[in-house]
Amino acid sequence: APNPHNQQPWLVDLSADGEITLLVNQEKLLPETDPFSRQITIGLGCFLEVLRMAALEEGLTAQISLFPEGSDAERLDERPVARIRLEPTEAAPDPLFAHVLARRSLKEPYDTTRPLAPSVLAALKAAALPDTDIGTSADPAFVDEFREITRAAMEIELITPHTYKESVDVMRLGARQSDASPDGIDLTGPIIELGRMAGFVTEDALLDPTSMAFQQGLEMTTANAITAMGFVWINTPTNSREDQIVTGANWVRVNLAATAEGVGFQPMSQPLQEYPEMAALYKDVHARLAPNGGTVQMLSRLGYGPPVPARPRWPIGAIVVNA
């Protein structure tokens, strides 16, 4: 399931007979870029939707009770996110489940010579749950505008010390770090390995705005934003924890539909983040995408890009407690 910074913030408690309790791992919160745990909650909604689809594959329906002991709007705490009971069903499996293992967040440049067909955008909209406020656009003027908005937002996150440090803290530099901690932002491959051997790619260098590692990272990251060929976004009328969970269900469904269409998909969550340095862009995006009010929960760029490997994941034993 997709989740912010590949934090994999879920813990699954199996101590109660016939019941699954979903908890959030308090060590995986992102207080600088996600101060109200909104994005982490969306990631947990993605997890629950993949669980629901996986259950259907086994002839089971997942009866999900959200926040059975209540929740805090300021941050996620130790209380359960959901309790799930599995019961037999004759409902058909969800066809989107076939794409779960192939799904990616494609953080590479997109092919700017390949436009998105209207049928692709229609398929993404059709994948969302009923009554979802979902928007799409491949209009050139809109795309140009949001290329610049998302580029500027990514730059703000990277040049703001407290938000950028949060990302660097969860970066895994090279295969050895990635193997030891298969979560976070994995930076692997020959260039990274050579840079580490030469001493150019280090945590200190990445945090130094004058370093080559920082400047190249800034250039590469923001350059990707301006190759977007379309956008998809999801709004909710309010911003409750339940809204955020449903957004996650919709988000993974739309990502899976993009996978089925062979379309690259990268969340561009930066202009939707609620910290002071992003306030102006946050207000601007909401005025454009939610002019009648509500919360823009997710925004993603779309386009055609190269195949990329799956990101590292912790094994099941690392997330299951009290089995």
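Asp131 is exposed, with a relative accessible area of 85% (exposed means over 50% relative accessible area, buried under 20%, and partly exposed in between, with a 1.4 Å probe and protein chains only). This residue sits in the loop between helix H2 (118–127) and strand E5 (133–137). Helices (H or I, at least four residues) and strands (E, at least two) are DSSP runs, numbered from the N terminus. Asp131 has a positive phi of about 70 degrees, although it is not a glycine. Most residues other than glycine have a negative phi.

The model is predicted: local features need pLDDT of at least 70, side-chain atom pairs count only at pLDDT 80 or more, and totals for chains, interfaces and linings use all residues. Residues are numbered from 1 along each chain as its sequence is written, and side-chain values use heavy atoms, with hydrogens and water left out.

Phe67 also is not a glycine and has a positive phi, of about 45 degrees. Its place is the loop between strand E3 (60–66) and strand E4 (82–88). Phe67 is buried, at a relative accessible area of 8%.

Helix H1 covers residues 38–57. Its 20 residues should span 28 Å at 1.5 Å a residue, and the end C-alpha atoms are 29 Å apart, which agrees. The expected span is 1.5 Å times one less than the number of residues. Of the 20 residues of H1, 17 are buried, so the helix is largely enclosed by the rest of the structure.

Gln39 is part of helix H1. It counts as buried, at 7% relative accessibility. Residues up to four places away in sequence aside, Gln39 touches Pro4, Thr33, Asp34, Ser269 and Gln273. Contact here means heavy atoms within 4.5 Å. Pro4 belongs to the segment before strand E1 (10–13). Pro4 is buried too, with a relative accessible area of 16%. Beyond its neighbours within four places in sequence, Pro4 is in contact with Leu30, Gln39, Ile40 and Gly43. Pro4 and Thr41 lie 37 residues apart in sequence, and their C-alpha atoms are 9.5 Å apart in space.

Leu158 lies in helix H3 (residues 140–159). With 14% relative accessibility, Leu158 counts as buried. The C-alpha atoms of Leu158 and Leu207 are separated by 9.5 Å, and the two residues are 49 apart along the chain.

The secondary structure of the protein comes to 11 helices and 11 strands. For 323 residues, a compact globule would have a radius of gyration near 20 Å; the protein has 19 Å, which agrees. This radius is taken over C-alpha atoms, and the globule rule is 2.2 Å times the number of residues to the power 0.38. Along the principal axes, the C-alpha atoms fill a box of roughly 55 × 45 × 35 Å. Of the 323 residues, 50% count as buried. Among contacts with a separation of 6 or more, 75% come from residues 24 or more positions apart. The accessible surface is about 14,800 Å², and 57% of it belongs to carbon and sulfur atoms (Shrake-Rupley method, 1.4 Å probe).
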